Amino acid sequence: MTQVSNSPLKIAYITGDCSTLGTYFRWHNIAMGLVSMGHAVHVYCVDNSDAPVARQENRDGVIYHISKSAKGKSLFGTINHPVTSLNRIFDDFQQCDIVHVFQPFLSVYLPWKFNFRKKARITFFDWDDLWVDAERDREKKNFKAGWDYKLKGYFERKIPSISKHMTVCSKLLKTLAIERGAKQVDIVPNGFWEYDVPAKAVAREKLGLQKDAVYVGFMGRTGFELHWAFKAFEISLSKGANIRFALCGPTADIMDGLSDQVKNNLDYLGSLTPADTRYFAAAIDLGLLPLMKTDFNESRFPIKFAEYLAANLPVLCSEVGEVNEYGKKYPWVIKAGVSEEDWIKHFESTVQLLAEGKLVPVNREVVLNDLSWEGISKQVERIYLEAAEV
């Protein structure tokens with residue numbers, strides 16, 4: 001392979017859709033970092049809105065080529081829609097040095113297999129969630145759910161077996177990828193961009209939070225583990241703790257069934273923009289990350305973990321998954337076990353330490369060294385260049 005380390009790389013990312021949710025923040029932030037180093041990154045994706053229009057967008061210097069989804073999304077969805085996937089084979093993909101395919105979906109596999117791999121010198125696959133395990137206990141009552149389940153499972157097994165190069169976000173996924181035949185697997189975490197953290201008073205005023213209250217908080221989406229936090233919060237309130245709970249990300253129905261005591265001390269902020277989540281993290285006193293010990297959670301690297309730390313915010317975090325590897329060496333990450341019982345016990349003791357001002361402050365330089373998107377993007381660049389020099 002020709003040496004390319006002295007020249008900008010032409011990089012193509014193939015993704016299932018263009019929604020600013022979940023894995024979007026993984027590929028987009030890495031792409032931003034690569035663009036800042038002089039490389040060209042084009043993302044090829046699908047619009048899953050109700051009235052899609054094929055178009056090109058510049059998002060933070062990253063060029064997005066957005067194609068239309070075919071009809072029938074109510075039956076097939078977008079990411080595994082057979083017609084959408086077939087149509088993507090004929091999209092106008094450019095020649096590139098690297099193609100990086102994100103997630104085990106039909107709509108990324110088919111355009112890679114029948115078009116992209118012919119135009120790229122090197123292929124990488126990124127795997128950042130154990131999709132089938134996440135859904136195996138859900139009742140698949142309709143065709144769409146069963147279709148998604150089968151295809152995601154198939155591609156989770158198949159893609160490692162055809163991959164010379166893979167990126168993953170956890171040790172569990174690296175182990176599985178190697179067991180399933182991947183040749184070279186690199187762990188690439190999720191991170192944050194360094195920024196000037198707003199003053200707590202400024203952040204609270206912007207979001208309408210109480211000026212002098214002590215706040216625990218959660219942002220993003222999760223499964224039923226959030227109810228562990230609600231339960232622990234209610235127990236602490238009943239014992240006289242003077243705290244409030246700030247929440248953003250989940251839909252409002254997450255509060256169904258909560259007691260009046262919890263609701264009266266809960267500030268629900270709905271869905272915030274990425275910019276406003278920085279104010280959210282700056283406004284609260286303790287970030288919450290409850291995680292049940294499942295294969296799905298062991299496979300993940302929740303971005304909120306890094307985003308809490310980016311705001312110099314201590315985190316109460318279950319001892320589960322890749323984030324626990326960082327929690328073991330960070331004294332500002334309070335370890336909360338693996339069960340609901342563990343979480344409630346550690347929540348109470350941590351709230352007491354918070355009230356007494358005894359939580360260990362975040363060492364920003366240490367966290368930046370490990371989890372900045374700038375450093376992560378440089379890691380990905382090295383991975384690409386090493387593959388290109390073989």
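These legends accompany several close-up views of one predicted model. Residues are numbered from 1 along each chain as its sequence is written, and side-chain values use heavy atoms, with hydrogens and water left out. Because the model is predicted, local features need pLDDT of at least 70 and side-chain atom pairs count only at pLDDT 80 or more, whereas totals for chains, interfaces and linings use all residues.

**View 1. Asparagine 29 in helix α1.** Asparagine 29 sits in helix α1, which covers residues 24–36; helices (H or I, at least four residues) and strands (E, at least two) are DSSP runs, numbered from the N terminus. Asparagine 29 counts as buried because its relative accessibility is 10%, where buried means under 20% relative accessible area, exposed over 50% and partly exposed in between, with a 1.4 Å probe and protein chains only. When its neighbours within four places in sequence are left aside, asparagine 29 is in contact (heavy atoms within 4.5 Å) with Tyr24, Trp193, Trp373 and Ser377.

View 2. The 14 residues of helix α4 (residues 106–119) should span 20 Å at 1.5 Å a residue, and the end C-alpha atoms are 19 Å apart, which agrees; the expected span is 1.5 Å times one less than the number of residues.

View 3. Helix α13 (residues 303–310) is mostly covered, since seven of its eight residues are buried, namely Ile303, Lys304, Phe305, Ala306, Tyr308, Leu309 and Ala310. Just after α13, asparagine 312 takes a positive phi of about 60 degrees.

**View 4. Two cavities.** The whole structure holds two cavities of 30 Å³ or more. On a 1 Å grid over the protein atoms alone, a cavity is a set of points where a 1.4 Å probe fits but cannot get out, a pocket is an open set with protein on both sides within 12 Å along at least five of seven lines, and lining residues have an atom within 4 Å of a point. The largest cavity has a volume of about 60 Å³, and α6 gives the largest share of its lining, four residues. By class, this lining has seven nonpolar, one polar and two charged residues; Ala, Val, Leu, Ile, Met, Phe, Trp, Tyr, Cys and Pro count as nonpolar, Asp, Glu, Lys and Arg as charged, and the others, Gly among them, as polar. The second largest cavity has a volume of about 40 Å³, where a volume is the space filled by probe spheres set on grid points joined across faces, edges and corners. Asp126 is listed in the lining of the largest cavity and also in that of the second largest cavity.

**View 5. The second largest pocket.** About 160 Å³ of space lies in this pocket, and of the 14 residues that line it, the closest to its centre are Ile187, Pro189, Tyr326, Asp370 and Gln379. At least two lining residues come from each of α14 (321–327), α16 (364–371) and α17 (373–388).
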